[in-house]
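This report is meant for someone meeting the structure for the first time. Please keep the sequence and the model in view while reading, and follow each part in turn.

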Amino acid sequence: MVETATFGAGDRSHHDAAHWTCPHGRHVGQGCVACYDAAVEPDPALPLWAAVVWFTSPRPIPIKVLHDVHRHDRHFAIDQPSTPLVFLLTGQARAAQGVEAVACLVGFLLQSRGTIDDFTVFEVRATRF
Ligand SMILES: [Zn+2]
């Protein structure tokens, strides 16, 4: 099962707004620290998701920070595919729904404030294993 969404592009983003709101009432594009915390020690019975978040940053993210992400969180990684200031954050999380896995991943960006000051999420994907 794959769930995808693109934000800020046409009517579809309105339709998706409710679907892409986590149980804490946060839109996934904003991220959710509660979802992030919940995924740190998840119920092993919950399904495992591969979540992908594309985001832009107003400033380049230092290579050192990108490498540090790998150390901090077991399956989390930030890559810079090709376009300047466009980044790809990938990670695995256990959650009841895909929206929570994505909110968790963006929550990681919130936790990284200081190294990643600002970001704008424009596309997400959650794939259930
Ligand atoms: Zn949440």
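Which residues coordinate the zinc ion?

## The zinc site

The zinc ion is held by Cys22 (SG), His24 (ND1), Cys32 (SG) and Cys35 (SG), at 1.9 to 2.3 Å. Donors here are N, O and S atoms within 2.8 Å of the metal (3.2 Å for Na, K and Ca), and since water is not among the atoms, sites may look incomplete. The angles among the 4 donor atoms run from 106 to 113 degrees, and the site is tetrahedral.

Along the sequence, the donor residues follow the spacing C-x1-H-x7-C-x2-C. Cys22 sits in the loop between α1 (12-19) and α2 (33-40), while Cys35 belongs to helix α2, 13 residues apart from it; helices (H or I, at least four residues) and strands (E, at least two) are DSSP runs, numbered from the N terminus. Cys22 is buried at 4% relative accessibility, and Cys35 is buried at 5%, where buried means under 20% relative accessible area, exposed over 50% and partly exposed in between (1.4 Å probe, protein chains only).

## How the model was read

This is a predicted model, in which local features need pLDDT of at least 70, side-chain atom pairs count only at pLDDT 80 or more, and totals for chains, interfaces and linings use all residues. Residues are numbered from 1 along each chain as its sequence is written, and side-chain values use heavy atoms, with hydrogens and water left out.

## Strand pairing

Strand β1 (residues 2-6) runs antiparallel to strand β5 (residues 120-128) and is joined to it by 5 bridges, with Val2 having Thr127 as its bridge partner in β5. Two strands are said to pair if DSSP finds at least two bridges between them. Strand β2 (residues 48-56) also pairs with β5 in the antiparallel sense, over 8 bridges, and here Trp49 has Arg128 as its bridge partner.

β2 pairs with β4 as well, again in the antiparallel sense, over 9 bridges, and the bridge partner of Leu48 in β4 is Arg94. Strand β3 (residues 77-79) is antiparallel to β4 over 3 bridges, with Ala77 partnered by Thr90. β3 and β4 form a hairpin with 6 residues between them, and Leu85, in the turn, has a positive phi of about 70 degrees.

## The nonpolar core

Which residues of the largest nonpolar core touch the most other members? Of its 38 residues, these are Val53, Phe55, Ile78 and Val102. At least two residues of this core come from each of α2, β2, α3 (63-72), β4 (86-94), α4 (98-111) and β5, and the largest share, 10 residues, is supplied by α4. A nonpolar core is a set of buried Ala, Val, Leu, Ile, Met, Phe, Trp, Tyr and Cys residues joined through side-chain atoms within 4.5 Å.

When neighbours within four places in sequence are left aside, Val102 is in contact (heavy atoms within 4.5 Å) with Trp20, Val28, Ala51, Val53, Val124, Arg125 and Ala126.

## Aromatic pairs

The structure holds 4 aromatic pairs. One of them joins Tyr36 and Phe108, whose ring centres are 6.2 Å apart and whose planes meet at 40 degrees, so the pair is tilted. Rings of Phe, Tyr and Trp (its six-membered ring) pair if their centres lie within 6.5 Å, and planes under 30 degrees apart count as stacked, over 60 as edge-to-face and the rest as tilted. Tyr36 lies in helix α2 and Phe108 in helix α4, 72 residues apart, and the pair links these distant parts of the chain. Tyr36 is buried at 11% relative accessible area, as is Phe108 at 4%.

Phe55 and Phe87 form a stacked pair, 5.5 Å centre to centre with 25 degrees between the planes. Phe55 is in strand β2 and Phe87 in strand β4, so this pair ties together parts that are 32 residues apart in sequence. Phe55 is buried at 0%, and Phe87 is likewise buried at 0%. Tyr36, Phe76 and Phe108 form one aromatic cluster.

## A loop proline

Pro62 is located in the loop between β2 and α3, and its relative accessibility of 44% makes it partly exposed. Pro62 and Ile116 are 54 residues apart in sequence, and their C-alpha atoms are 9.2 Å apart in space.

Technical notes
Four donors count as tetrahedral if all angles lie between 85 and 135 degrees; four count as square planar and six as octahedral if opposite donors are over 155 degrees apart and all others between 65 and 115; anything else is irregular.
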